[in-house]
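Dear colleague,

I am handing over the structure below, and after it you will find a short account of what was found in it. Please read the two together.

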Amino acid sequence: MARINDNFLKLKAGYLFPEIARRVNAYTTANPDAAKKLIRCGIGDVTEPLPESVRQAMHDAVDEQGNRETFRGYGPEQGYDFLREAIAENQFKEVGISADEIFISDGSKCDTGNILDIFGPGNKIAITDPVYPVYVDTNVMAGNTGDADSNGAYEGLVYLPCTAENQFVPAIPEEKVDLIYLCYPNNPTGATATRDQLEAWVKYARENKAIILYDAAYEAFVQESDVPKSIFEIEGAKECAMEFRSFSKNGGFTGVRCAYVIIPKALKGTTEDGTEVPIHQLWSRRHSTKFNGASYPVQRGAAAVFSEQGKKEVADLIEHYMGNAKLLREACEKLGLQVFGGINAPYVWVGCPESVDSWGMFDRMLEEANVVITPGAGFGAAGEGYFRISAFNSRENVEEVCRRIAENLG
Ligand code: MLT
């Protein structure tokens, strides 16, 4: 019989969002009236239509594919130059990232998981708690952890607690770690890291020859001018960090799929005998072997995000979602709940009312308000006592959610 990867058996329950969908389906099947009223503010999935500039660029690209003269087959695995150059020019000009340090993919979820292919065994891995569950689960699958304890914490991972006291930015660890996952603006707490905090992390990473895996999928939602949008704004980061970015949340590509990783050529890891090897070369090799590139029409659509019209349309989308976040924040604040995030991120992170835990809150919101939220405990033990409301929705739905919050939690 074929031998399986036993590590998969260490995973606790299902992946968070399918697990939530399963519970919601069970409830709505048993309560069809509630199903009709249900509003989903759980998974951070965009709701507003794709920008017109993006759709037009994709239509044009599809037409090119219908014509022998302009038809394109396999593209470059690392992404087309027109998109890599547009990203370098529009997103990283000031920090000096070049187009060939950018690798196009079909999503940041895949990138943050797949990146483990190029790291060897024995790395000490630090993750924040609460955290985007992909970082943890992919490390479990890769065999980088032992079993989970009764709190769901995996042996071998270094958990960096993010709490209201540290404003959801973890303290620098006292021990030496090799890989550090940081995500700012943060999913799930909506927190941001200051320049000083990121400088401290870069200093730590350089001193310890660690690599920061910086997830900046929500950078477009930053509203305050002093909040860093990229780890590469910090001096020295090119020698100790890579960054993940996505078109999912800014351009509304969750159903279209396009993202990218920035791996500076100066970033290095070591072999067992201490020889230094550029990470860029390994990821390039991995990408060409296991990936045939995001589709041509999708990459054309992504490039349109950087056109004059595209920038305006994306700005309107961000304004819409951040307007929602403001309403959700205010609705929770009015009830005297502890509220975080929602200022530079599309997630509002709310303290549960006393005596309700986060899955209890999930049930209560589902059953009494017919609103799906995400329980904080789903993001890690330190998420207990909180719930996350996603601002990705229509204005009408968000206004209704605010009414229901006032009615049911007031
Ligand atoms: C979330 O809700 O945390 C995100 O939508 C998950 C994701 O982007 O994969």
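**Domains, ligand and sheet**

The chain is divided into domain 1 (13-49 + 309-409) and domain 2 (54-306), with bounds that come from an automatic or database domain assignment. This is a predicted model, in which local features need pLDDT of at least 70 and side-chain atom pairs count only at pLDDT 80 or more, while totals for chains, interfaces and linings use all residues. Residues are numbered from 1 along each chain as its sequence is written, and side-chain values use heavy atoms, with hydrogens and water left out.

The centres of domain 1 and domain 2, taken over C-alpha atoms, are separated by 25 Å. Across the boundary, 31 residues of domain 1 are in contact (heavy atoms within 4.5 Å) with 36 residues of domain 2.

The ligand is surrounded by Phe17, Ile43, Gly44, Tyr132, Asn187, Tyr218, Lys249, Tyr347 and Arg388, where a residue is counted if one of its heavy atoms lies within 4 Å of the molecule. This shell draws at least three residues from each of domain 1 and domain 2. By class, the shell has five nonpolar, two polar and two charged residues; here Ala, Val, Leu, Ile, Met, Phe, Trp, Tyr, Cys and Pro count as nonpolar, Asp, Glu, Lys and Arg as charged, and the others, Gly among them, as polar.

Polar side-chain atoms lie at these distances from an oxygen atom of the ligand: 2.6 Å for tyrosine 132, 2.8 Å for lysine 249 and 2.7 Å for arginine 388. The protein covers 85% of the 270 Å² of accessible area that the ligand has on its own, with areas from the Shrake-Rupley method and a 1.4 Å probe.

Four strands form an open antiparallel sheet in the order β11-β12-β15-β14, where strands are DSSP runs (E, at least two residues) numbered from the N terminus and two of them pair if DSSP finds at least two bridges between them. At the edges stand β11 (339-341) and β14 (374-375), each with a single partner strand, so one side of each is left without a neighbour in the sheet. β14 pairs with β15 (residues 386-390) over two bridges in the antiparallel sense, and proline 375 has phenylalanine 387 in β15 as its bridge partner.

Two peptide bonds may also interest you. Aspartate 129 and proline 130 are joined by a cis bond with omega about 5°, and the bond from tyrosine 184 to proline 185 is cis as well, with omega near -10°.

Methods. A polar contact is a pair of N or O atoms within 3.5 Å; within protein, one must be able to donate a hydrogen and the other to accept it, and residues adjacent in sequence count only if both atoms are side-chain atoms.
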